[in-house]
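User: Please take a close look at one part of this structure, the aromatic rings and what surrounds them. I would like one connected account.

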Amino acid sequence: LEVVNAQGEPVKPGEVGIVVGTAFHKFAMPFIRYQLGDRVILSDEKCPCGRGLPVIQSIEGRMDDLIVTKDGRFVGRLDEAFHESFGIKMSQIIQKQLDSIIVKIVRGKNFSQKDIEKLDAQLRKRLGVDMDIKYEYVEEITRVGRGKYRFVISEIDIGKIYESKKIS
């Protein structure tokens, strides 16, 4: 297991990185430096087993939970932008282009325009003022397997952008 940045270099404990794994038990086709699509933070703690293997401090999400900005930044953990918008019952962010997102909103009974104003300020702080943000009001958010719903749906090929940032 390795945890690397966009250039494929190891990250330091406390930094978010991409999980890359190698498995040699598949003799016909071993997985060598296979990107799992998970983002984690490594701990600086040592494993109590004494083997010296990396310890993961926290799981930050999946690569497909990211929004990509025009300048190539990967932005995750956008759920925090919604913390002050109490009138929003559910939401979902959809990205089809680098310069825009659609935010689907299920309004709660205490919803007001202030919820959108607070949310818009928080999203722009994280994504930049040049991100075009459209808000759509919907009755429900479509759920996927096991009744869950995806908070972020990205139609951007994040893997391709990630690969283009790597140093050859």
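Analyst: R107 lies over the face of Y137, 4.2 Å from the centre of the ring. The model is a predicted one, and the distances and angles given here are computed from it.

The structure holds two aromatic pairs. F82 and F151 make up one of them: the ring centres are 5.4 Å apart and the planes stand at 75°, so the pair is edge-to-face. The edge-to-face label applies to planes over 60 degrees apart. F82 sits in the loop between β6 (74–75) and β7 (88–97), while F151 sits in the loop between β9 (132–137) and β10 (152–154), so the contact ties together parts that are 69 residues apart in sequence. F82 is buried, because its relative accessible area of 11% falls under the 20% limit. F151, at 22% relative accessibility, counts as partly exposed.

Y137 also belongs to an aromatic pair, with F111 as its partner. That pair is edge-to-face, with 5.7 Å from centre to centre and 70° between the planes. F111 lies in the loop between β8 (100–107) and α1 (113–127), whereas Y137 lies in strand β9. The two residues are 26 apart, and their pair links distant parts of the chain.

β8, α1 and β9 make a right-handed β-α-β unit. Within it, β8 and β9 run parallel and are joined by six bridges.

β8 is mostly covered, since six of its eight residues are buried, that is, under 20% relative accessible area.

To return to the rings: Y137 has R107 over its face and forms an edge-to-face pair with F111. The F82 and F151 pair is edge-to-face as well, and its two residues lie in loops, one between β6 and β7 and the other between β9 and β10.

Key:
Residues numbered from 1 in each chain as written. Predicted model: local features only at pLDDT ≥ 70, side-chain atom pairs only at ≥ 80, totals over all residues. Heavy atoms only, no water. Phe/Tyr/Trp six-rings, centres within 6.5 Å; stacked < 30°, edge-to-face > 60°. Helix = DSSP H or I, 4+ residues; strand = E, 2+ residues; numbered from the N terminus. Buried < 20%, exposed > 50% of the residue type's maximum accessible area, 1.4 Å probe, protein only. Lys NZ or Arg CZ within 6 Å of the ring centre and 35° of its normal. Pairing = 2+ DSSP bridges. Right-handed = clockwise from strand over helix to strand, strands pointing away.
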